[in-house]
Amino acid sequence: QVQLVESGGGLVQPGGSLRLSCAASGIIVRSYAMGWYRQAPGKQREFVAVITSDFNTNYVDSVKGRFTISRDNAKNTVYLQMKSLKPEDTAVYYCTANGGMYWGRGTQVTVSS
């Protein structure tokens, strides 16, 4: 049974940082494209970042230069380092594997003063 468990969300002031984690079980993260999506209230879920099995990365334009996706094969965990956070980054952040075949339950990120 595949499980993706996100953690690390919370309330942060504008300009602050957070690191999200996605701990995987039932799959080996280095074998799949692992990604992050987010969904803000009243909006559709949108792509944020992806890391492929050969460490290629891609980001939505709005987070380029601020967010970094990475993977720790030994821990079977994927991370999303978020810096210079803005109120518009407020959303539930979801981890996904293998092009959306598997999803976590999400972690809330709120950027507010």
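Good morning. The link of C22 and C95 is left-handed, with -75° about the S-S bond. C22 lies in strand β3 and C95 in strand β9, 73 residues apart, and the pair thus joins distant parts of the chain. Strands here are DSSP runs (E, at least two residues), numbered from the N terminus. The two sulfur atoms are 2.0 Å apart, and a disulfide is defined as a pair of cysteine sulfur atoms within 2.5 Å. The structure holds one such link.

Please note that this is a predicted model: local features need pLDDT of at least 70, side-chain atom pairs count only at pLDDT 80 or more, and totals for chains, interfaces and linings use all residues. Residues are numbered from 1 along each chain as its sequence is written, and side-chain values use heavy atoms, with hydrogens and water left out.

Are the two cysteines buried or exposed? C22 is buried, at 0% relative accessible area, and C95 is buried at 0% as well. Buried means under 20% relative accessible area, with a 1.4 Å probe and protein chains only.

I turn to the nonpolar core, a set of buried Ala, Val, Leu, Ile, Met, Phe, Trp, Tyr and Cys residues joined through side-chain atoms within 4.5 Å. The largest has 27 residues, of which M34, W36, L80, M82 and Y93 touch the most other members. Strands supplying at least two residues each include β3, β4 and β9.

Finally, the pairing of strands, for which DSSP must find at least two bridges. β4 and β5 are antiparallel over five bridges, and R38 stands opposite E46 in β5. β5 also runs antiparallel to β6, joined by three bridges. There, A49 stands opposite Y59.

Technical notes:
Buried means under 20% relative accessible area, exposed over 50%, partly exposed in between (1.4 Å probe, protein chains only). Helices (H or I, at least four residues) and strands (E, at least two) are DSSP runs, numbered from the N terminus.
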